[in-house]
Amino acid sequence: MCGRTALAELTQTMTMVGQGVGAVMGSSLADRFGRKTIHLVCHVTLYLVGFGVAWAPNYTVLILLRFLTGALQQVSSRID
């Protein structure tokens, strides 16, 4: 490739960091606002963030959206 493998690895790392944050915060959010509400909000937001990842205008936005993807996936899976 063109020497950007470190960026691909950073993107995956940020997804994993997001999952860690989502695991810590998911139960608290569900207790505070209700499981069904958080579950639905996470799924709708994950849908929108997925579109954002597909059309991210730059690498910084991509990293942020991948972090959110990981967090939302984890919150959603912990609440099921």
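**Figure 1. Leu-40 in helix 2 of the predicted model.** Leu-40 is found in helix 2 of a model that is predicted. Its relative accessible area is 47%; because this value lies between the limits of 20% for buried and 50% for exposed, Leu-40 is classed as partly exposed.

**Figure 2. The whole chain.** The chain consists of three helices, with zero strands. Read from the N terminus, the order of elements is α-α-α. A box of roughly 45 × 20 × 15 Å, taken along the principal axes, is filled by the C-alpha atoms. The chain has 80 residues, and 22% of them count as buried. Among contacts between residues at least 6 apart in sequence, 78% join residues at least 24 apart.

**Figure 3. Helix 1 against helix 2.** Two packed helices are described by the angle between their axes and the distance between the axes. For helix 1 and helix 2 (residues 35–54), the axes come within 6 Å and cross at roughly 125°. An angle of this value makes helix 1 oblique to helix 2. On the helix 1 side, Leu-29, Ala-30 and Phe-33 take part; they meet Arg-35, Thr-37 and Ile-38 of helix 2. Sorted by class, the contact of helix 1 with helix 2 holds four nonpolar residues, one polar residue and one charged residue.

**Figure 4. Helix 1 against helix 3.** The axes of helix 1 and helix 3 (residues 59–79) come within 6 Å, and their crossing angle is roughly 40°. Helix 1 and helix 3 are therefore oblique to each other. The crossing of this pair is right-handed. The contact of helix 1 with helix 3 comprises 15 nonpolar, eleven polar and two charged residues.

**Figure 5. Thr-11 in helix 1.** Thr-11 belongs to helix 1, which covers residues 5–33. With a relative accessible area of 9%, Thr-11 is buried, because the class of buried residues takes in values under 20%. The side chain of Thr-11 reaches a backbone oxygen, that of Leu-7, at 2.9 Å. Not counting residues up to four places away in sequence, Thr-11 touches Tyr-59, Leu-62, Ile-63 and Arg-66.

**Figure 6. Gly-26 in helix 1.** Gly-26 is also placed in helix 1. The relative accessible area of Gly-26 is 0%, so this glycine is buried. Apart from neighbours within four places in sequence, Gly-26 is in contact with Val-75 and Ile-79. Gln-74 is 48 residues from Gly-26 in sequence, while the C-alpha to C-alpha separation of Gly-26 and Gln-74 is 7.4 Å.

**Figure 7. Helix 2 against helix 3.** Helix 2 and helix 3 pack at an angle of about 150°, and their axes are 9 Å apart. This angle makes helix 2 roughly antiparallel to helix 3, because angles over 145 degrees fall in that class. The crossing of helix 2 and helix 3 is left-handed. Helix 2 contributes Arg-35, Ile-38, His-39, Cys-42, His-43, Thr-45, Leu-46, Val-49, Gly-52 and Val-53 to the contact. From helix 3 come Leu-62, Leu-65, Arg-66, Leu-68, Thr-69, Leu-72, Gln-73, Val-75, Ser-76, Arg-78 and Ile-79. By class, the contact of helix 2 with helix 3 divides into eleven nonpolar, seven polar and three charged residues.

**Figure 8. Ser-76 in helix 3.** Ser-76 has its place in helix 3. A relative accessible area of 6% makes Ser-76 buried. With neighbours within four places in sequence left aside, Ser-76 is in contact with His-39, Cys-42 and His-43.

Key. Residues are numbered from 1 along each chain as its sequence is written. This is a predicted model: local features need pLDDT of at least 70, side-chain atom pairs count only at pLDDT 80 or more; totals for chains, interfaces and linings use all residues. Side-chain values use heavy atoms; hydrogens and water are left out. Helices (H or I, at least four residues) and strands (E, at least two) are DSSP runs, numbered from the N terminus. Buried means under 20% relative accessible area, exposed over 50%, partly exposed in between (1.4 Å probe, protein chains only). A polar contact is a pair of N or O atoms within 3.5 Å; within protein, one must be able to donate a hydrogen and the other to accept it, and residues adjacent in sequence count only if both atoms are side-chain atoms. Contact means heavy atoms within 4.5 Å. Axes are lines fitted to C-alpha atoms, for helices over the stretch in contact, and angles run from 0 to 180 degrees between N-to-C directions. Angles under 35 degrees count as roughly parallel, over 145 as roughly antiparallel, 65 to 115 as roughly perpendicular and the rest as oblique. A crossing is left-handed if the near helix is turned anticlockwise from the far one by less than a right angle, and right-handed if clockwise. Ala, Val, Leu, Ile, Met, Phe, Trp, Tyr, Cys and Pro count as nonpolar, Asp, Glu, Lys and Arg as charged, and the others, Gly among them, as polar.
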